[in-house]
Amino acid sequence: MLRISLDAKAPINIGSFSRGGLNRVVVKAFDHDFQSKTAKVTPYGIYLPQQRELYLYFTSSKVTSDFIVDCLSDFWTSIRERFPEVTTLVINQDNGPENHSRRTQFMHRIADFTDRFGTAVKLAYYPPYHSKYNPIERVWSFLEQHWNGSLLDSVDTLLNFASSFSFKDARPTVHFVSQAYQTGVKLTKNQMQLLEQRLQRLKGLEKWFVLISPLSSTHHV
């Protein structure tokens with residue numbers, strides 16, 4: 001098994017806005033944050049606690065179920081050859097609206113992921129008010145400290161700061177996802193009932209622990 005930790009950070013306003021903190025040079029920033037005219041970029045993180053490896057994905061689109069699994073697929077495609085013995089990914093995450101275990105599109109995409117790679121996925125959710133125990137959550141405060149006092153006035157500036165950031169002496173792999181994602185995608189009730197037959201929910205904790213195994217052991221990628 002390989003344990004990974006997933007989560008999104010709050011969206012970041014792109015522009016000449018004050019973010020507090022200190023800087024070695026004089027920085028002039030707007031004294032108001034005009035929300036209606038502000039571009040936003042959302043960081044999404046994938047962290048390997050045991051290996052201390054960090055992968056950061058940034059998007060100006062919505063963080064949807066499809067976005068999350070696309071990031072997971074890109075991540076696993078890039079590293080899985082290093083872990084030939086791994087047959088199961090254990091995913092720690094919060095029980096958010098786009099990735100909880102009753103979110104039909106998310107579960108559909110995760111099932112497709114297991115079939116594509118021949119890798120089982122064990123979803124292990126943190127209950128409300130316990131997200132601080134999710135390892136990826138510790139990354140965000142360090143990232144904020146890294147760029148505080150600076151102007152994130154463009155997406156390139158944001159990505160450069162993210163690339164120069166280090167967490168536990170490791171630099172992240174940084175990607176910007178330009179694809180626009182549609183919200184509200186979901187399965188029909190009949191489609192979800194069929195998918196549920198594949199899901200192994202832990203008795204008594206059906207919402208919080210789910211195992212999805214591939215239909216075939218054959219790898220398709």
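This is a short tour of one protein structure, stop by stop. The model is a predicted one.

**Stop 1: strand S1**

Select residues 2-8, which make up strand S1. Is S1 enclosed or open? Five of its seven residues are buried, so S1 is largely enclosed by the rest of the structure.

Now show the strands beside S1. S1 pairs with S5 in the parallel sense, over four bridges. Click Ile4, then find its bridge partner in S5, Ile91. S1 also pairs with S3, and this pairing is antiparallel, again over four bridges. Click Leu6 and look across to S3, where Ile46 stands opposite. Keep one idea in mind as you follow the side chains. In a regular strand they alternate between the two faces of the sheet.

**Stop 2: Asp7, a buried charge**

Stay in S1 and select Asp7. Which side chain of opposite charge is nearest to Asp7? That is Lys9, and it is 10 Å away. Asp7 is buried, yet it has no salt bridge. A salt bridge needs a nitrogen and an oxygen within 4 Å.

Show the surroundings of Asp7. Setting aside neighbours within four places in sequence, its contacts include Pro43, Tyr44 and Gly45. Asp94, Asn134, Ile136, Glu137 and Trp140 are also in contact with Asp7.

**Stop 3: aromatic pairs**

Select Tyr44 and Phe67. A pair of aromatic rings is described by the distance of the centres and the angle of the planes. The count of aromatic pairs here comes to seven. How are the rings of Tyr44 and Phe67 arranged? Their centres are 5.8 Å apart and their planes are at 80°, so the pair is edge-to-face. An angle over 60 degrees counts as edge-to-face.

Tyr44 is in strand S3, residues 39-48, and Phe67 is in helix H1, residues 65-79. They are 23 residues apart, so this pair links distant parts of the chain. Both Tyr44 and Phe67 are buried. Ring pairs link Tyr44, Phe67 and Tyr181 into a cluster.

Now go to Phe113 and Phe117. Their ring centres are 4.8 Å apart and their planes are at 50°, so this pair is tilted. Both residues are in helix H2, residues 104-117. Because they are four residues apart, about one helical turn separates them. Phe113 is buried, with a relative accessible area of 2%. Phe117 is buried too, at 0%.

**Stop 4: the nonpolar cores**

In soluble globular proteins, nonpolar side chains tend to be buried together. How many residues are in the largest nonpolar core here? There are 38. Select Leu2, Tyr57, Phe75, Trp76, Met107 and Leu123, which touch the most other members. Then colour H1: the largest share of this core, eight residues, comes from that helix.

A second, separate core holds 18 residues. Select Phe58, Trp140, Leu152 and Leu159, which are among them.

**Stop 5: salt bridges**

Show the charged side chains. The structure holds eight salt bridges.

Start with Glu53 and Arg82. Their closest N and O atoms are 2.5 Å apart. Glu53 is in strand S4, while Arg82 is in the loop between H1 and strand S5. The two are 29 residues apart, and the pair links distant parts of the chain. Glu53 counts as buried, at 17% relative accessibility. Arg82 is partly exposed, at 45%.

Next, select Arg109 and Asp70. They meet in a salt bridge of 2.7 Å, N to O. Arg109 is in helix H2 and Asp70 is in helix H1, 39 residues apart. Arg109 is buried, with a relative accessible area of 17%. Asp70 counts as partly exposed, at 25%.

Finish at Arg201 and Glu196. Their side chains meet in a salt bridge, at 2.7 Å from N to O. Glu196 is partly exposed, at 25%.

Key. Residues are numbered from 1 along each chain as its sequence is written. This is a predicted model: local features need pLDDT of at least 70, side-chain atom pairs count only at pLDDT 80 or more; totals for chains, interfaces and linings use all residues. Side-chain values use heavy atoms; hydrogens and water are left out. Rings of Phe, Tyr and Trp (its six-membered ring) pair if their centres lie within 6.5 Å; planes under 30 degrees apart count as stacked, over 60 as edge-to-face and the rest as tilted. Buried means under 20% relative accessible area, exposed over 50%, partly exposed in between (1.4 Å probe, protein chains only). A nonpolar core is a set of buried Ala, Val, Leu, Ile, Met, Phe, Trp, Tyr and Cys residues joined through side-chain atoms within 4.5 Å. Lys and Arg count as positive and Asp and Glu as negative; His and the chain ends are not counted. Contact means heavy atoms within 4.5 Å. Two strands pair if DSSP finds at least two bridges between them.
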